[in-house]
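Reader: I would like to learn how to read a model such as this one, feature by feature, beginning with the overall division and ending with the details of the backbone. Could we look at it together?

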Amino acid sequence: MEIVVFGAGSLGSLVGGVLAREHDVTLVARQAHADAVRTRGLRIEGSLEAEVSPAATTDGRGLEADLAVVTVKSFDTESIAETIATGSFDAVLSLQNGMGNEEVLASALDAEVLAGTATYGAILQRPGIVECTGLGKIVLGDHRGGHSDVADAVGEAFSGAGLETTVAEDMPSRLWEKLAVNAGINAITALTETENRAVLEPPADDVARAATKETARVARADGVELSNREALAAMERVAESTAANTSSMAQDLQVGRRTEIDAINGYVVDRGETLAVETPTNRLLAALVRTWERGQGVRDD
Ligand code: KPL
């Protein structure tokens, strides 16, 4: 399969690198990373150790392939959709954090849009070197739910390359479950500069559980079946299996980058307001991370 990964940072490089063992992969990445991959190849360290040689570029315009995998930050989805639209793809798979990315892609593109969740831990250590810090899995399927032959084919391609992948017909509720996981883990570990295990232990565990339960409440008000028990079990399972990992938001704060707070805790607050569900913990976490972003000069609203 011909695959282009748009936004090859930590997760995108790991997924693209593993796929490159079996498929024809192009990484669209920042200059230094693209240069390193072009000259020395991509080294995957940690659990999925490999040396691979995907193509790499900084310019995603006008590309053609069977599949576009989107791993850009949620606040860049609109602009990457415009870039993808200048090329030609049969299918697009969003492997992003937060909600609403698939709708943005679907409204800009003719291709079939798949939603996916990924729980692999990944850190881009240096240009050309990505570390797999935790084996996870990918769940993907039609973004509106239901059966999709294209999702089956993509699932087979991913599994064949060595990524543990399940094809699901209930992606809307899987996305809410992933949102509940990220709402519980990301902002807390970012603000406290801790690894994911921090949310399993006092005193952060109560805060993480409250943020997760609020998210499940909003999901139910939105018509999705997600009990507090299921959401908490998912959050704790992911925190355990990625205990020693640094969440993507904690990585963003470490390097002074804008975060995905708007698409995670911020989304829970906004949707909660629309559906008349109180979300005090998500509101507090969102306010604190946004305050940090303003202080860093990486947001101005
Ligand atoms: O998705 C993640 C993230 O860091 O954004 C988790 C699952 C929390 C892994 O760290």
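Reader: How many residues of domain 1 are in contact with residues of domain 2, and how many of domain 2 take part?

Author: Please keep in mind that this is a predicted model. In it, 19 residues of domain 1 are in contact with 19 residues of domain 2. On the side of domain 1 that touches domain 2, β8 (112-118), β9 (121-126) and β10 (129-134) each supply at least two residues. By class, the residues of that side of domain 1 divide into 6 nonpolar, 12 polar and 1 charged.

Reader: Where do the bounds of domain 1 and domain 2 fall in the chain?

Author: The domain assignment gives residues 2-168 to domain 1 and residues 172-296 to domain 2. The centres of domain 1 and domain 2, taken over C-alpha atoms, are separated by 23 Å.

Reader: Why is the ligand said to lie between domain 1 and domain 2?

Author: The thing to ask is which parts of the chain contribute to the shell. Here both domain 1 (2-168) and domain 2 (172-296) give residues to the shell around the ligand, and therefore the ligand lies between them.

Reader: Which residues are the closest to the ligand, and how many surround it?

Author: The ligand is surrounded by 13 residues, of which Ile185, Val238, Thr242, Ser247 and Ser248 are the closest. Helix α6 (residues 171-191) provides the largest share of this shell, with 4 residues. Divided by class, the shell around the ligand contains 3 nonpolar and 10 polar residues, and no charged residues.

Reader: Now to helix packing. At what angle do α6 and helix α7 pack, and how far apart are their axes?

Author: One reads the angle and the separation of the axes together, and then turns to the residues that meet. The axes of α6 and α7 (residues 204-221) are 8 Å apart, and the packing angle is about 150 degrees. Since angles over 145 degrees count as roughly antiparallel, α6 and α7 are therefore described as roughly antiparallel to each other. Their crossing is right-handed. Residues of α6 including Trp176, Leu179, Ile185 and Ile188 meet residues of α7, among them Val207, Arg209, Thr212 and Ala219. The contact of α6 with α7 has 12 nonpolar residues, with 3 polar and 1 charged.

Reader: How do the axes of α7 and helix α11 cross, and within what distance do they come?

Author: The axes of α7 and α11 (residues 280-296) come within 8 Å and cross at roughly 115 degrees. That angle makes α7 roughly perpendicular to α11. In this case the crossing is left-handed. Val207, Ala210, Ala211, Glu214 and Thr215 of α7 meet Thr281, Asn282 and Leu285 of α11, and the residues of this contact divide into 4 nonpolar, 3 polar and 1 charged.

Reader: Are helix α3 and helix α4 roughly parallel or antiparallel?

Author: The axes of α3 (residues 77-85) and α4 (residues 101-108) come within 9 Å, crossing at roughly 30 degrees, which makes α3 roughly parallel to α4. The crossing of α3 and α4 is right-handed. In α3, Thr77, Glu78, Ala81, Glu82 and Ala85 meet Asn101, Val104, Leu105 and Ala108 in α4; by class, this contact has 5 nonpolar, 2 polar and 2 charged residues.

Reader: Let us finish with the backbone. Which residues does a cis peptide bond join?

Author: The peptide bond between proline 202 and proline 203 is cis, with omega about 0 degrees, and proline 203 lies in the loop between α6 and α7.

Reader: What is the value of phi for glutamate 193, and where is this residue found?

Author: Its phi is near 50 degrees, a positive value in a residue other than glycine. Glutamate 193 is also found in the loop between α6 and α7.

Definitions and conventions
Residues are numbered from 1 along each chain as its sequence is written. This is a predicted model: local features need pLDDT of at least 70, side-chain atom pairs count only at pLDDT 80 or more; totals for chains, interfaces and linings use all residues. Axes are lines fitted to C-alpha atoms, for helices over the stretch in contact, and angles run from 0 to 180 degrees between N-to-C directions. Angles under 35 degrees count as roughly parallel, over 145 as roughly antiparallel, 65 to 115 as roughly perpendicular and the rest as oblique. A crossing is left-handed if the near helix is turned anticlockwise from the far one by less than a right angle, and right-handed if clockwise. Two residues are in contact if their C-beta atoms, placed from the backbone, lie within 7 Å. Ala, Val, Leu, Ile, Met, Phe, Trp, Tyr, Cys and Pro count as nonpolar, Asp, Glu, Lys and Arg as charged, and the others, Gly among them, as polar. A residue is near a molecule or strand if its C-beta atom, placed from the backbone, lies within 6 Å of it. Domain bounds come from an automatic or database domain assignment.
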